[in-house]
Amino acid sequence: MKSPSFSEFQTIIQYLHDELIGSQLQEIISTEDGVVLGFYRFVHEPKAVWLVFDMDTQFPFVGLFHQNPWLKIKKTKPVALFLNSHFKNTHLKDIHFLENFGRVAEFDFSLPDKKLVLQLRMIPKQPNIIVSADDKTVSWEKPRDLVVATPDENFESENRSIPFLFKQWFDRRAKTKPKEASGAGVGTPTHSPNSAAGGSPFDKWVQQRNKDLQKKEKALQQIDEQKNELRKVPWADIGNHLKTHGFKDLPLEWTTFVDFSQKPSFNIERSFEKAKQVVHKLQGADARKAQLLQEIVLAKDVSEERFQRHLSELAAKQAKQGQRKSPEGNFRKLTIDGEHPVNVLMGKNAVENLKLLRQAKAWDLWVHLKDYPSAYAILQKQKDKSISDQVLVQASQWLVKESIKNKKNMDGVKLSVVIVECRHVRPIKGDKLGRVTYHHPREMLITV
């Protein structure tokens, strides 16, 4: 199969623009041959579609299908891991060409506070996928410098249609071909969108809901069994009998629940206490049962509207990831200006320091003077941003000035500062001085 020409590539990209803009990226699968992206479309039918990037060196290809053609040949690749970490559950904002460079296009998934771009190079002998999140970049192959395409390189013969291109590639390269469908590009009148083994993201969501529903129904059955078991022993009746008649004329079936080595008064008190416990447990079981019944009603709702709400919730959850709440407390604070301003916080005593450490993100930096009594500071950083040595020096110098009382005798003194990610810092349990243990430190020598 001949790889799409420049004009055919332009037609495909324009087609993808019309079909995918606004869709949500839900699944990323990598194989030895390339990457498959699973999208959920809010406007078009079918809702679930699969965008394939075939990185075949001689005949690279990009196509959109109703089913995943590479479902059963997964292999972990750095590009897929990066996409899962940064791009999953985001929406495709735009697709545009880099026309001067031939068969190159960029897919924009950017968020308000993060630039997310996938660049597709479908150039024979050097195909590539380059994904970037702000200043971090991962690629399928080592990127080469792009060369400006000459007019001769863009010369095209008669274009093949999109359905023809997609079907031709599917027949040659698809690894999973359901019996009811022998090649299925979007726009090709063939099979149901849910025919692929494993199903679409919507199918998987429905399957998970059904599993949850089965668990909840089983839990409901267990609650009824528990309630029946609790009612088997009439503790209140036993207590009333003992209170009126003592051990006399005690029904044979109740004797198992009476301790004859103890006085009747002990058994009376014990029986009524058990009866109270049973009532309390039955009330708890009824409350849990009512809650389960509500959850079961929600679990049975597998409508498209509910699925879209689920997608919106996932997107909102992802948008909140890494967002930082304001620390609770009146801490000393230093703001270091720059392209990405950094806050450095310090407690006024051991209690505040521990509180500050517990509120810190795992990727924040803990800063402390080595072999010198001092407070410690927490440098709040963004998860995917590195901190320059210049910022670390400013934070360390501020820590010294805030920690050391007799500053006149410290001018020009060199001190060693320990810097550790907060994930590697552990408070010593029960230590009132706020001491900690830490691992994987970095040391810097600063001049006061």
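Which strands does helix α9 lie across, and at what angle to β17 does it run? I found helix α9 (residues 389–403) across β10, β11, β12, β13, β14 (414–421) and β17, at about 65° to β17. Contact here means heavy atoms within 4.5 Å. Axes are lines fitted to C-alpha atoms, for helices over the stretch in contact, and angles run from 0 to 180 degrees between N-to-C directions. Helices (H or I, at least four residues) and strands (E, at least two) are DSSP runs, numbered from the N terminus.

I noted the basis: the model is predicted, local features need pLDDT of at least 70, side-chain atom pairs count only at pLDDT 80 or more, and totals for chains, interfaces and linings use all residues. Residues are numbered from 1 along each chain as its sequence is written, and side-chain values use heavy atoms, without hydrogens and water.

I then traced the sheet. It is open, with six antiparallel strands in the order β10-β11-β13-β12-β14-β17; strands pair if DSSP finds at least two bridges between them. β10 (332–336) and β17 (442–447) are the edges; each has a single partner strand, so one side of each lacks a neighbour in the sheet. The twist averages 25° from one strand to the next.

I checked β12 (residues 365–369) against β13 (residues 376–380): four bridges join them, and V367 has A377 as its bridge partner in β13. Helix α8 (residues 350–359) lies across β11 (342–346), β12 and β13, at about 25° to β13.

Last, I looked up T31, in the loop between β1 (24–30) and β2 (34–40). Leaving aside neighbours within four places in sequence, T31 contacts W70, I73, K75, K77 and W140.
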